[in-house]
Amino acid sequence: MTTPPTSGDEPINIRWDDLEADSVEQRVRELREAREVPLVRAVGTPTADAATDLGSLLRGSVANLGIAGLLGALVTWILMEFGLRPDAASNWYGDSVTTGNVLATLTFVAGLGLILVAWDGIQARSWRKTQSLVVKALPVLALGGLVGGFITDKVYQSMIEDISSDATREASQAFDAAEAQRIFLDYMESHMHLPRGIAFALVGITVGAALGAASKSSKRAVNAIIGGLAGGFIGGYLFDYVGSAGGSGWMARLVATLITGVLIGVAMGLVETARREHWLEIVTGGMAGKQFILYHQDTVVGAGADCHVTLIKDPQIAPRQVSLRSTGAGLALNNLQPGQPVTVNGQPVHQHTLADGDLVQLGATVLRYRQRGDNAPVSSQIHG
């Protein structure tokens, strides 16, 4: 074909052979690919090396539960401010100190616990999974909050009585009433950190037990209880320091509550990371960078909400794609969907025992299996 000439230009002749050239077809393919929405997000080249750097730690349970703890603390603060109304002239529940302590403990357990328990379902963007986790944990949260509240009240009031007696004895040596009052208040303020630490440690223990109940794993329950106890004690011990540094009122309580929630979540994540035995790292795919610690003897991986490991953002993964059984030699993989291939280190498999560092591909998602221990089997190519 010939294009019409323009003023001052020579005619341009384009033949069909020119349009059918390989370079033109290549350019058309590149333009089409550029318009497509990528379904896979690659993060580097998959290798068998362990991800042990700080970035890996921050992508794992530590950052994951730290964020959940932050959001849970925000919910807790909202419930405290609008439910218990600490700045009100009178308490709607009466003047009972025990009732106040029990309600405060229940509020912390509910706010932190519900978010931490539901976090796996929230991240999987599955209302069904979130609901299932919360339902499993509710009895532990309710009973633990009540029992923990009464224990906290007994311990708290007993320790306060002892501290108050010591403060009175110190104040009795003052020269006048004003000096005595100052000594008494200073002594009380400086000795309230331990009781608060113990109180928040009980909150952390209850939340940790609920997390284990939701996942139906005694291992995770132990990890979460240890982390909740440590994080809760540190957060409670620092609560007054943080609050007094920020003045008084709702802002001081907000900052102190947020820090406490983050400490509980981070402590749980640190314990989980330190005690993990088997875990999966997503190397390539829409959820690249996320890690899943495997707690169960039999773990189901797939896109379904009922799976222990729910992989979203990959339409090529079946609702129940593979099962992973923990064995002494590693992790035995079984493909639950023969019509949808699964590969290990690039080789199609139906059943295979995974070794440390093996790369498993489901759909467009690549996962790296990690196993704790210096004597873990080394990844190798599949033969036969």
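Biologist: At what angle do α5 and helix α8 (residues 193-215) pack, and how far apart are their axes?

Modeller: A word first: this is a predicted model, where local features need pLDDT of at least 70 and side-chain atom pairs count only at pLDDT 80 or more, while totals for chains, interfaces and linings use all residues. Residues are numbered from 1 along each chain as its sequence is written, and side-chain values use heavy atoms, leaving out hydrogens and water. Now to your helices: α5 and α8 pack at about 35°, and their axes are 9 Å apart. The axes are lines fitted to C-alpha atoms over the stretch in contact, with angles from 0 to 180 degrees between N-to-C directions.

Biologist: What is the handedness of the crossing of α5 and α8?

Modeller: The crossing is right-handed, the term for a near helix turned clockwise from the far one by less than a right angle.

Biologist: Which residues of α5 and α8 meet there?

Modeller: With contact set at heavy atoms within 4.5 Å, the α5 residues include Phe-108, Leu-112 and Leu-116, and those of α8 include Phe-200, Val-207 and Leu-211. The contact divides into 11 nonpolar, 3 polar and no charged residues. Here Ala, Val, Leu, Ile, Met, Phe, Trp, Tyr, Cys and Pro count as nonpolar, Asp, Glu, Lys and Arg as charged, and the others, Gly among them, as polar.

Biologist: What makes Asp-87 and Arg-253 a salt bridge?

Modeller: The rule asks for a side-chain nitrogen of Lys or Arg within 4 Å of a carboxyl oxygen of Asp or Glu. Asp-87 and Arg-253 come to 2.7 Å, N to O, and the pair qualifies. Asp-87 sits in the loop between α4 (61-84) and α5 (97-123), and Arg-253 in helix α10 (residues 250-275), 166 residues apart. Glu-81 joins Asp-87 and Arg-253 in a network of salt bridges. By this rule, the count comes to 12 salt bridges.

Biologist: Why is Asp-87 called exposed?

Modeller: Exposed means over 50% relative accessible area, buried under 20%, and partly exposed in between (1.4 Å probe, protein chains only). Asp-87 has 54%, and therefore counts as exposed.

Biologist: How do you know that Asp-186 and Arg-182 are about one helical turn apart?

Modeller: They are 4 residues apart in helix α7 (residues 177-190), which gives about one helical turn. Asp-186, at 37%, is partly exposed, and so is Arg-182, at 43%.

Biologist: Which parts does the salt bridge of Arg-368 and Glu-281 tie together?

Modeller: Arg-368 and Glu-281 meet at 2.7 Å, N to O. Arg-368 lies in strand β11 (residues 365-371) and Glu-281 in strand β1 (residues 278-284), so the bridge ties parts 87 residues apart in sequence. Both residues are buried.

Biologist: What makes β2 and β8 the edges of the sheet?

Modeller: The open sheet has 6 strands in the order β2-β1-β11-β10-β7-β8, with antiparallel pairing. β2 (291-293) and β8 (347-349) each have a single partner strand, so one side of each lacks a neighbour in the sheet. Helices (H or I, at least four residues) and strands (E, at least two) are DSSP runs, numbered from the N terminus.

Biologist: How do you know that β1 and β2 pair?

Modeller: Pairing needs at least two DSSP bridges between two strands; β1 and β2 have 3, in the antiparallel sense. Trp-279 stands opposite Ile-293 in β2.
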